[in-house]
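Please keep the sequence and the structure in view while reading.

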Amino acid sequence: MKLLESFFKIVAPDCCISCGQEGKLICDDCAQVSFDAMPRCYRCKKPDPNSLTCAKCSKNSPLNAVYVAASYKNLAKDLVHACKYQSSRSAARIMSEQISVALPYLDPEQTIITHSPTTPSRIRERSFDQSGIIAKNIAIKLHLLKANLLVRMTNTHQVGATHKQRIAHMDGAFEVKNPILFKGKTVLLVDDVLTTGATLESAARTLRRSGAKRVIACVFARTE
Ligand SMILES: [Zn+2]
Ligand SMILES: [Zn+2]
């Protein structure tokens, strides 16, 4: 724990974001709530026990699988908000744990983990890149190498954009760094919330073009 964070813990201890009980960010009672999201093809929503992209959707998608921990509602939504808008490291930790549970075994020799970076200006605003922090936590837990492989090129904000606009905005949105690290390997892309998947697809396409053998993704929550 960071020194500053422990200091604030003493001054203002966490309250349960679900019921308000003092002590933890999610109290033991509320932790009983299951985060389970039904595994499925992220594109057409066809159920698949391994969260693989189905054969039909694979023709148009660079993502081999997308693993999801929760539906974007209730407690999961509160966690995302606490992470995003209050820079809560406790929330990021819980999200990371839930994602780790949703992931299959990944060979550390063959897999490298990275995250979908937010736009540089937004990082400066908040100085808290939640996806990067979550990726780091998962890397430690699953003994994977984490590296920053992507650079965000555009500054387009996605709020309110239609699916078509999002895809257009995402075209050429990323550039790769350190391609030598992932050539011929599986890249695990980390993000906090999945909506259309346009951002992840754009990132995955760029990684595939630069030599990644497979690109899979994991997110904490998806909008249904
Ligand atoms: Zn509670
Ligand atoms: Zn599908």
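The protein chain has nine helices and nine strands; helices (H or I, at least four residues) and strands (E, at least two) are DSSP runs, numbered from the N terminus. This is a predicted model, in which local features need pLDDT of at least 70 and side-chain atom pairs count only at pLDDT 80 or more, while totals for chains, interfaces and linings use all residues. Residues are numbered from 1 along each chain as its sequence is written, and chains are lettered from A and ligands numbered from 1 in the order in which they are written.

Of the 224 residues in the protein chain, 37% are buried. A residue is buried if 20 or more other C-beta atoms lie within 10 Å of its own, exposed if 12 or fewer, and partly exposed in between, with C-beta atoms placed from the backbone. Two residues are in contact if their C-beta atoms, placed in that way, lie within 7 Å. Among contacts with a separation of 6 or more, 69% link residues 24 or more positions apart.

The largest nonpolar core comprises 57 residues. Such a core is a set of buried Ala, Val, Leu, Ile, Met, Phe, Trp, Tyr and Cys residues joined through C-beta atoms within 7 Å. Those with the most contacts inside it are Val-66, Leu-79, Met-95, Val-187, Leu-189, Leu-207 and Ala-217. Strand β9 (residues 214–222) gives the most to this core, namely seven residues. At least three core residues come from each of domain 1 (1–32) and domain 2 (34–222), bounds that come from an automatic or database domain assignment.

Strand β4 (residues 111–115) has five of its five residues buried. In a regular strand the side chains alternate between the two faces of the sheet. In β4, Thr-111, Ile-113 and His-115 lie on one side and Ile-112 and Thr-114 on the other, and all are buried. Strands pair if DSSP finds at least two bridges between them. β4 pairs with strand β8 (residues 186–194) in the parallel sense over five bridges, and two bridges join β4 to the parallel strand β5 (residues 145–146). Ile-112 has Val-187 as its bridge partner in β8 and stands opposite Leu-145 in β5.

Phe-182 is found in the loop between β7 (174–176) and β8. Why does Phe-182 count as buried? It does so because it has 23 C-beta neighbours inside 10 Å. Beyond its neighbours within four places in sequence, Phe-182 is in contact with Ile-112, Leu-149, Val-187, Leu-207, Gly-211 and Ala-212.
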